[in-house]
Amino acid sequence: MNKAERFAVLAALWMSVGAAPAQTAEGTFITRSLTPETALTAARAALEHCRKAGYQVGVAVVDRAGLPQVFLRDRHAGAHTVELAIGKAWTAASFRIPTATLGTETQAGKEMSGIRAAPRVMAVGGGQVIESAGSVVGAIAVSGAPGGAADDACAKAGIQAIAEALEF
């Protein structure tokens, strides 16, 4: 085989190898995820925001599937804050909307009210979705402040603390 023939064979081989990832790409997808360090930064910021407001809370950060990455509980936060914060974060990640919005949309008499009966759903304020480059990468939730609006404010402070690390 001369040099030109070897080049042609190598080029054909390269083209066939190059085409394989394009075919494979149609059957797979890539997801973005929070790093544990970024999740911890968000949780710490949310906890600190609540402390400054005088609230003892639990803070959960979950990945896009709703699995916990970080949980922080302040010294005097109630025992209930563990389950509730994780549940709110799971709900926000699962439904891909803030839990306060889900609470409004699922009130009694509304078309979506049955969602509240699903296991683990926390249709109350305090859970916020974390997005990066248009994709949900996780959620953060707070439990223990006096009401959903206060929980939401702390969760939003957590997201604000990592805003520069996320690609919007």
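The structure is a predicted model, in which local features need pLDDT of at least 70 and side-chain atom pairs count only at pLDDT 80 or more, while totals for chains, interfaces and linings use all residues. Residues are numbered from 1 along each chain as its sequence is written, and side-chain values use heavy atoms, with hydrogens and water left out.

I begin with the overall architecture. The protein contains 5 helices and 4 strands; helices (H or I, at least four residues) and strands (E, at least two) are DSSP runs, numbered from the N terminus. Their order from the N terminus is α-α-β-β-α-α-β-β-α. Of the 168 residues, 36% are buried, where buried means under 20% relative accessible area, exposed over 50%, and partly exposed in between, with a 1.4 Å probe and protein chains only. Among contacts with a separation of 6 or more, 63% are between residues 24 or more positions apart; contact means heavy atoms within 4.5 Å. The accessible surface is about 9700 Å², and carbon and sulfur atoms account for 58% of that area. Accessible areas come from the Shrake-Rupley method with a 1.4 Å probe, and for residues only the protein chains shown count as cover.

Which residues have the most contacts inside the largest nonpolar core? They are Leu-34, Val-57, Val-59, Val-61, Ile-130, Ile-140 and Val-142, in a core of 22 residues. At least two residues of this core come from each of α2 (36-52), β1, β4 and α5, and α2 supplies the largest share, with 6 residues. A second, separate core has 10 residues, including Ala-85, Ala-89, Ala-92 and Ala-139. A nonpolar core here is a set of buried Ala, Val, Leu, Ile, Met, Phe, Trp, Tyr and Cys residues joined through side-chain atoms within 4.5 Å.

Next, the strands. Strands β1 and β4 run antiparallel and are joined by 6 bridges; two strands pair if DSSP finds at least two bridges between them. Val-61 stands opposite Ile-140 of β4. Strand β4 also pairs with β3 in the antiparallel sense, again over 6 bridges, and Gly-127 has Ala-141 in β4 as its bridge partner. Of the 9 residues in β4, 8 are buried.

Helix α3 covers residues 80-95, and its 16 residues reach 22 Å from first C-alpha to last, close to the expected 22 Å. The expected span is 1.5 Å times one less than the number of residues. Among the buried residues of α3 are Thr-81, Ala-85, Lys-88, Ala-89 and Trp-90. The elements against which the buried residues of α3 pack are β1 (58-63), β2 (68-73), α4, β3, β4 and α5 (148-162). Just after this helix, Arg-96 takes a positive phi of about 65 degrees.

How many salt bridges does a search of the whole structure find? The search finds 3, a salt bridge being a side-chain nitrogen of Lys or Arg within 4 Å of a carboxyl oxygen of Asp or Glu. Arg-51 and Asp-74 form one, at 2.8 Å from N to O. Arg-51 belongs to helix α2 and Asp-74 to the loop between β2 and α3, 23 residues apart. Arg-51 is partly exposed at 35% relative accessible area, whereas Asp-74 is buried at 0%. Asp-74 also forms a salt bridge with Arg-75, with the closest N and O atoms 3.8 Å apart; Arg-75 is exposed, at 62% relative accessibility. The side chains of Asp-151 and Lys-88 make a salt bridge at 2.8 Å, N to O. Asp-151 lies in α5 and Lys-88 in α3, so this pair ties together parts 63 residues apart in sequence. Both Asp-151 and Lys-88 are buried. Shared partners join Arg-51, Asp-74 and Arg-75 into one network.

Finally, two loop residues. Arg-120 is not a glycine, yet its phi is positive, near 75 degrees. Arg-120 sits in the loop between α4 (99-105) and β3 (127-132) and is partly exposed, at 47% relative accessible area. In the hairpin of β3 and β4, with 2 residues between the strands, Ala-133 has a positive phi near 50 degrees. Ala-133 is partly exposed, at 42%.
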